[in-house]
Every structure is written in structure tokens, then in C-alpha cells.
Amino acid sequence: MNIVNDKVTSYLDSFYQPMNENLKILREEAEEKAVPIILRDTEACILNIIRIQKPQRILEIGTAVGYSALCFAAALPETEIVSLEINEDMYRTATANVEKNGMTNRIHIKLGDAIESLKELKTCITDAESEGFDMVFIDAAKGHYREFWDESIPLCRKGAVLLSDNVLLKARTVSDEYVTERRQKTSVRRMREYIQYITKAKNADTAILPVGDGIAISVLKR
């Protein structure tokens, strides 16, 4: 029996509690404008993973309006977040939101193509174990997840957790019957290849959960 449906999601969302008033307002504004931010059940799942792991440094690929980075910072007051964003308008909005929330000393947003930004970060980190990241949150262009993964791995400490959001693509990854537009086919194919890649990777253990739009949780082997 399939227990994941709109009624179940609505029921679970009824228990949602925002981190603080500023984030509540930011979420409401983003949802009203259809800005892609993490779904409510995804947020709850990720924040508890963060509370368990307590990462010192988080790398986020895909900033949008800065909502998820602000959630991470609110959950762990000592954590530093580096977030990558290619869209200039989103970058400006996210920067303003980070400033508004007094997080400029802990959330650092880099404007530019994520792949290029990741390569630049590699030149800055001389020792991944002391300077690298404990967690990576991948939530940008869905057709490039494998490239984000490959470029992120050298930046991670051993035992780091990589979270890949939206891997089910509203069930399109599961079955072609949910592919409604031709332009979706390439991203669906690439996401299927990505899931095969990370679930068979010898350097990580991966579990995929049907939370939100699907989240892959990968733990790098020590």
C-alpha cells in the first residue's frame, strides 16, 4: 500500500513549525511567489540530520533566496555555510536576506557558475580534513547533479554527508508516465543516471527517502 500521497503530506505539514518569525515570513513570501525553496517536510528532515551530525562547515549548491542556508545557520549557531548561486537576482535577494537576519559573518554566498565556483574552492582548500566541509547540500540545476557531486567530493572531510534534494522530480524519475513535456526527458535521464551513480559509488553509502520531492542521503566512507 502506498502511504505517500497528498493527504499524508498535508497531514505531516500540519505539524510544521518554522525556526523563527523571520524564516516564517520568508517561507510564506517564497511560496507565494513560487520561488523554489526546500519543502516543509524536507526542511524538517534535513534539520534533524544537521542536529545529529553537527557539521562545522556546510557547502550549499543553489542558494535561491537564502532560505535553506538561514535554516541551517539557525539550527546550529556555530556552523559556517558557503552557498553558491548563479542567478544574479537571486544572489542579491539572498544577500539582502542574510544581512537582514544578521548572518553575514556565517553565511558566505558566491555568485557564479557552481562548477567554476567549486573548482575555485578546490584551489583554496589545501587540506580537506582540516579546511573542508562536513556536509554538502545539492539543490541547483537538476541535470548537473553528478558534476556537482564529483566536484564536491574533494572538498569534503571523511564521513561527510551529501544531501541531494528533488531526486524524484515529482515522480518523473520513477516512471515515464509522469513525464508530461518533452523538455523534461533530458533532466529525467540525467537524474536516473545520477541515482544509479551515487547508489553504486564505492566511496559512499546512499539511501533515498520519499520525503518532499525525494532526498538522497549519502555518507562518505571514512
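For sorting lining residues, I count Ala, Val, Leu, Ile, Met, Phe, Trp, Tyr, Cys and Pro as nonpolar, Asp, Glu, Lys and Arg as charged, and the others, Gly among them, as polar.

Ground rules. This is a predicted model, where local features need pLDDT of at least 70, side-chain atom pairs count only at pLDDT 80 or more, and totals for chains, interfaces and linings use all residues. Numbering starts from 1 along each chain as its sequence is written, and side-chain values use heavy atoms, with hydrogens and water left out.

Entry: cavity. On a 1 Å grid over the protein atoms alone, a cavity is a set of points where a 1.4 Å probe fits but cannot get out, a pocket is an open set with protein on both sides within 12 Å along at least five of seven lines, and lining residues have an atom within 4 Å of a point. Points are joined across faces, edges and corners, and the volume is the space filled by probe spheres set on them. I found 1 cavity of 30 Å³ or more; the largest cavity holds about 60 Å³.

Entry: The largest pocket has about 1,200 Å³ of space. Of its 40 lining residues, Leu39, Asn166, Lys170, Gly212 and Asp213 are the closest to the centre. Helices H1 (6-13), H2 (21-32) and H3 (40-53) each give two or more residues to this lining (helices are DSSP runs of H or I, at least four residues, strands are runs of E, at least two, and both are numbered from the N terminus). H1 gives the most, with 5 residues. I sorted this lining into 19 nonpolar, 8 polar and 13 charged.

Entry: Strands S6 (204-209) and S7 (215-220) run antiparallel, joined by 6 bridges (strands pair if DSSP finds at least two bridges between them). Ala204 has Leu220 as its bridge partner in S7. The hairpin leaves 5 residues between the strands, and Gly212 in the turn has a positive phi of about 60°.

Entry: salt bridges. I took a side-chain nitrogen of Lys or Arg within 4 Å of a carboxyl oxygen of Asp or Glu, and the count came to 14. One to look at is Glu31 with Arg27, whose closest N and O atoms are 2.8 Å apart. Why do Glu31 and Arg27 sit about one helical turn apart? Because they are 4 residues apart in helix H2.
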